[in-house]
Amino acid sequence: MSTDIAESATRALIAVDGDEHVEVERRTGRAPMTPWARVRLVLAHVTIYMAAALFMLPLVYAFFSALKPNGEMFAMPPSLFGSEIRWSNFAEVFEFGPFWTYIGNSLFTSVAGTLVVLVVSTTAGYAFGRLRWKGRDAVFVLFLATLMVPAEVLVIPMFQVMQWFGWVDTYQALIFPFAFGAFGTFLMRQFFRGIPYELEEAARVDGAGPLRTFLQIILPLSKSAIAVLAVFTFLSFWNAYLWPLIVTVDYNTLGTLPVGLASFSGLTGTRWDLQMAASIISMIPTTLLVIVLQKHLVKGIAMAGLGGR
């Protein structure tokens, strides 16, 4: 009898344990984790946090360097903190030169350039990815071949074109030359090709033409890819240095932030403290943009380029 009782108790425990596992799976939507899976999850999180801390170290050092006196920037042995914390360095940045003008010019050119790139890349990507026309693939290969040409090689020809147009030292010269690249078109084409063709055929049956299908069907389904392209393009315009340096004559009027950061170095020396403070300020808009579009970025990077027919 005692054996029967023990077996009944064992079966009851197993049943209860099984019910608990079923309940956990029902509540969480996934099976309970094994001990080894928990260990791997912990190791993955530790690795990610260590990598994030490693990448954050230069930013932390730059921030505290911006609070040091200029004479202690290269003191030996190096230290994270200076003899005093000078928050006034951030205010002095705007007194050193027309820094507000640099910020305004960078914002304007980056936003305008991003809008132009989005319009050009989405329309061209739709033409290459969804429309059928003779020679489409050959033209697209030639279009992609432009990605192999370094931007530095194009500086002199583009400057000559700007001279012919009379656009030297204008906002047009800062926006349009690099607004027609192949990267955005390639990204959008790959994403568009992953959208089921049945949606487009259904829209055609309902009487929608290519333009209406593009605006009302394709674009609303491509928000994540558009967000990825917008962030990459904005960062490209925001960080551009060589082209604005060459095509701009009056830096006090049309200078952008990267060019303005170089103004802290002169014949009399470099104000490293102000340059560090200005660099920290220049990172604020791009950081906010990435934070706001983080959800779309993750989804867009995961989906863009994986589909296609």
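By class, four nonpolar, one polar and two charged residues make up the lining of the largest cavity in this predicted model. The residues concerned are Phe64, Leu67, Lys68, Phe81, Gly82, Glu84 and Ile85. Lys68 and Glu84 belong to the lining, and both residue types count as charged, whereas Gly counts as polar. The volume of this cavity is about 40 Å³, and the count of cavities of 30 Å³ or more comes to one.

Open pockets are also present, and two are set out below.

| Pocket | Volume | Lining by class |
|---|---|---|
| Largest pocket | about 890 Å³ | 24 nonpolar, eight polar and one charged residues |
| Second largest pocket | about 170 Å³ | nine nonpolar, one polar and no charged residues |

The largest pocket has a lining of 33 residues, and those nearest its centre are Ala151, Phe178, Ala179, Gly181 and Ser236. Two or more lining residues come from each of helix H4 (99-129), helix H6 (155-165), helix H8 (182-193), helix H11 (223-239) and helix H12 (242-247). Among these, H11 provides the largest share, with five residues.

The second largest pocket is lined by Val111, Thr114, Leu118, Ile226, Ala230, Val231, Phe234, Pro285, Leu289 and Leu293. At least two of its lining residues are supplied by each of H4, H11 and helix H15 (272-292). H11 again contributes the most, here with four residues.

Methods:
Residues numbered from 1 in each chain as written. Predicted model: local features only at pLDDT ≥ 70, side-chain atom pairs only at ≥ 80, totals over all residues. Heavy atoms only, no water. 1 Å grid on protein atoms, 1.4 Å probe; cavity = no way out; pocket = protein on both sides within 12 Å on 5 of 7 lines; lining within 4 Å. Points joined across faces, edges and corners; volume = space filled by probe spheres on them.
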